[in-house]
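Hello,

Here is the structure I said I would pass on. My notes on the contents follow below it.

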2 protein chains.
Amino acid sequence: MTIPQQKTDLELQMARLAKAARAAGRAVAKAGSAVRTAAIRSMAEQVRARAAVVLAANARDVDAATASGTSGAMLDRLKLDPARLEKMARALDEVAGLPDPVGEVVKMWRRPNGLQVGRQRIPLGVIAMIFESRPNVTTDAAALCLKAGNAVILRGGSEAFQTNTELARCVDFALAGVGLPSAAVQLMPTTDRAALVALLRCEDDVDLVIPRGGEGLIRFVAETSRIPVIKHYKGVCHIFVEASADQAAALAICHNAKVPKPGVCNAVETILVQRAIAAEFVPRLAAHLRADGVELRGDAESVRLAPAGAVKLASEDDWSAEYLDLIVAVRVVGDLDEAIAHIERYGSLHTESILTRDYALARRFIDEVDSSTVMVNASTRFADGNELGLGAEIGISTTKLHAYGPMGIEELTTTKFVVYGDGQIRRG
Amino acid sequence: MTIPQQKTDLELQMARLAKAARAAGRAVAKAGSAVRTAAIRSMAEQVRARAAVVLAANARDVDAATASGTSGAMLDRLKLDPARLEKMARALDEVAGLPDPVGEVVKMWRRPNGLQVGRQRIPLGVIAMIFESRPNVTTDAAALCLKAGNAVILRGGSEAFQTNTELARCVDFALAGVGLPSAAVQLMPTTDRAALVALLRCEDDVDLVIPRGGEGLIRFVAETSRIPVIKHYKGVCHIFVEASADQAAALAICHNAKVPKPGVCNAVETILVQRAIAAEFVPRLAAHLRADGVELRGDAESVRLAPAGAVKLASEDDWSAEYLDLIVAVRVVGDLDEAIAHIERYGSLHTESILTRDYALARRFIDEVDSSTVMVNASTRFADGNELGLGAEIGISTTKLHAYGPMGIEELTTTKFVVYGDGQIRRG
């Protein structure tokens, strides 16, 4: 006889939390579009009305983080001020205004026997968002999941716990105001790793886990979870400057893809330059980027083509590095095939862009590169749910199942088959 | 210092097999539609040309299975004859003739800045099919995965190993004939559990696992795999005979959903009858089904309404049973809400059908039941990729991520974002 392993209190607590989310998810789905939208609008109002309380909680988080020696960039991500809070509220209003994806009949056709068959969009059910310091993810994720008819479990970073608790209170008031169960949006009561592990085992009551943050957190979630995980580890994005490219436009795009926001996943990390124009373009690129403080690391050929010292010699590791900083790798390649081979070997399936005036090469790049976003003559920075027109973004996926690339609210739904008959029976 | 665990020979062998599949998958994707279609047509020709060899291998499998005491239904699933083999070949021709899903631009729109953004269908990559005794899955799965531009790893049941080996040889000849790598379709060289476990850990080189067979196999795969799994455990399908239903049509549909093929997952297992018509309909239903040897198990009310002995008293377990046999459960419910509550509690998210003449109730059933296939006035037996018009079926999913319901070749693809620009850079 095997004795089932005793569940710990924490495991029982997480199982209850997940079960409550499951029941709340059903209520959210049934409540209908108007109620869900009203809840999100009310969340925006609550964030504005309770701004002082939220900012005070945030100040306590920031003080504690400062005291424990948290660095500048991380502290900046954590910190809220009235302008940032207003931006969060406005983002909620925008989500409220998006078209409701639930109930849409994506496709419908008729069978020879008269059956009318369609695919109708329904909520996924319960989504767990695991994220780090940015408190705006709390309200963004709550709104997006709710809009798509789901319940959500939020697990933010420990350094933002007091802020997130106050934001969750805003959400709670909003839910109560429209008669939705408070379990529709639940903040995990602890940021313990053990609690996270227990949550990731609730595969019967949670349908999808979306981790956002550093590679370490994401790997931990992917390896621990029994629930499907949609994730991207890093963005090693490439721009291939093909020989026929408009070089002035290419300089502007390379600059745009790195300089204004070097720390984001859709920033370019490696620029591939076709040999035919390398002697002219590499020095221009080096001058253009170095003027704004970008460090260039190149293969021997680009080092040689640039003025002495303008391009440092890259190591093998540079080709797969996600710098998240004012650094970019540069490599000279012979042709499109070599560029694609480099991307296939070192890329992260995130975003790649070809700069070209050649019709056939543009078509080949689009077809042959299988990254989640493939572009012609555009900055990699457009790889973003808002910029691509999804209305919002809940995350980016570089794995192919269910969603690939930026995910909007449609990716928080699935479709069921609906079949309208007149008494049909199956022959054979 | 941690010493990495030594891999066993079997683990290394499976890792090599998966890596070969990954490379072959790229070749299949690049080969283009005409080559993939030619390979599938050639598979059909090879199956016809090598029929004698395949049937001889199958006879050896059947002999061994008989000797080890395999039961009638399982033996029947294993057994091939010239007619069944011709059916398999014809199924291959049909898959060859399906429209190619790869490259389709599912949607395309234009952004205010002039960027043209679309979602273009691409292959998933590498798919592992884990299945039991039916040898036709070998050729079906090979053709469907190939058609959608993927490589596939096949792991059939040990009892069909010789048959599958000969079928794999047919596939191999076909691949060679069109210049595709033989690793595009690989049969696992062993049906060892340990080899399966090793394969299910190759998460870097396999994108999706589809297990088909008994609940035990599927649970094992789901619990062991590090690769995403799309599955359904069982089909506990419901028909709700609402008070306004055309009773003659309802009898025909209930009969069709159980009698001709009781052993399939889309057969009805529980019939819910609305109280208002139960006194009339339950006895008619019992008579109609018992005439063809169906055993009825009902709640106390239906037992009482039917002639003595016509309906046996059901136990609690009957409501969640997948009989796969000439047995059906019957329950009297008060109204639509009670029917939906029963389905929510005992159903398997497979297929449910309401029989009604009431417009509003039909609409509510479609919207409120969240099973993967929801029907009005049709037999549950239509829950099938071919019957619904997908052209073919690789499996059925009752989990909501990526695919929900019958899966055709589109579900063996994903979409990437394609972006056509004219030099756009992102502001802000």
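Val374(A) stands opposite Val418(B), a residue of strand E16 of chain B. The pair belongs to a parallel pairing of E13(A) with E16(B) (residues 413-424), which runs over five bridges. Please keep in mind that this is a predicted model.

Ile271(B) has Val330(B) of E11(B) as its bridge partner.

On the interface: the contact takes 51 residues from chain A and 51 residues from chain B. On the side of chain A that touches chain B, the elements giving two or more residues are strands E2 (116-123), E13 (373-378) and E16 (413-424) and helices H10 (247-258), H14 (359-368) and H15 (385-388) of chain A. E16(A) provides the largest share of that side, with 11 residues. Sorted by class, the side of chain A that touches chain B has 24 nonpolar, 15 polar and 12 charged residues. Of the interface residues of chain A, 100% are also interface residues in chain B, so the two copies meet through the same surface.

How are the two copies related? Chain A superposes on chain B by a rotation of 180 degrees with 0.0 Å of shift along its axis, at an RMSD of 0.0 Å. The copies are therefore related as by a two-fold rotation axis. His402(A) is the residue of chain A that comes closest to the rotation axis, with its C-alpha at 1.8 Å.

Chain B also has a sheet of four strands, open and parallel, in the order E5-E4-E3-E6. Strands E5 (185-187) and E6 (208-212) of chain B stand at the edges with a single partner strand each, so one side of each has no neighbour in the sheet. The twist here averages 15 degrees from one strand to the next. E3 (residues 126-131) and E4 (residues 151-155) of chain B pair in the parallel sense over five bridges, and Ala128(B) stands opposite Ile153(B) in E4(B).

Two helices of chain B are placed against this sheet. H1 (residues 9-31) of chain B lies across E3, E4 and E5 of chain B and runs at about 140 degrees to E4(B). H9 (residues 215-224) of chain B packs on the sheet, where H9 touches E3 and E6 of chain B, and its direction makes about 160 degrees with that of E6(B).

Last, a helix pair in chain A. H6 (residues 136-147) and H7 (residues 161-178) of chain A pack at an angle of about 30 degrees, and their axes are 9 Å apart. That angle makes H6(A) roughly parallel to H7(A). Their crossing is right-handed. H6(A) contributes Thr138(A), Thr139(A) and Ala142(A) to the contact, and H7(A) contributes Asn164(A), Leu167(A), Ala168(A) and Val171(A). These contact residues divide into four nonpolar, three polar and no charged.

Regards

Methods:
Residues numbered from 1 in each chain as written. Chains lettered and ligands numbered in written order. Predicted model: local features only at pLDDT ≥ 70, side-chain atom pairs only at ≥ 80, totals over all residues. Axes fitted to C-alpha atoms, helices over the stretch in contact; angles between N-to-C directions. Parallel < 35°, antiparallel > 145°, perpendicular 65-115°, else oblique. Left-handed = near helix turned anticlockwise from the far one by under 90°. Contact = placed C-beta atoms within 7 Å. Nonpolar A, V, L, I, M, F, W, Y, C, P; charged D, E, K, R; others polar. Pairing = 2+ DSSP bridges. Least-squares fit on C-alpha atoms with pLDDT ≥ 70 in both.
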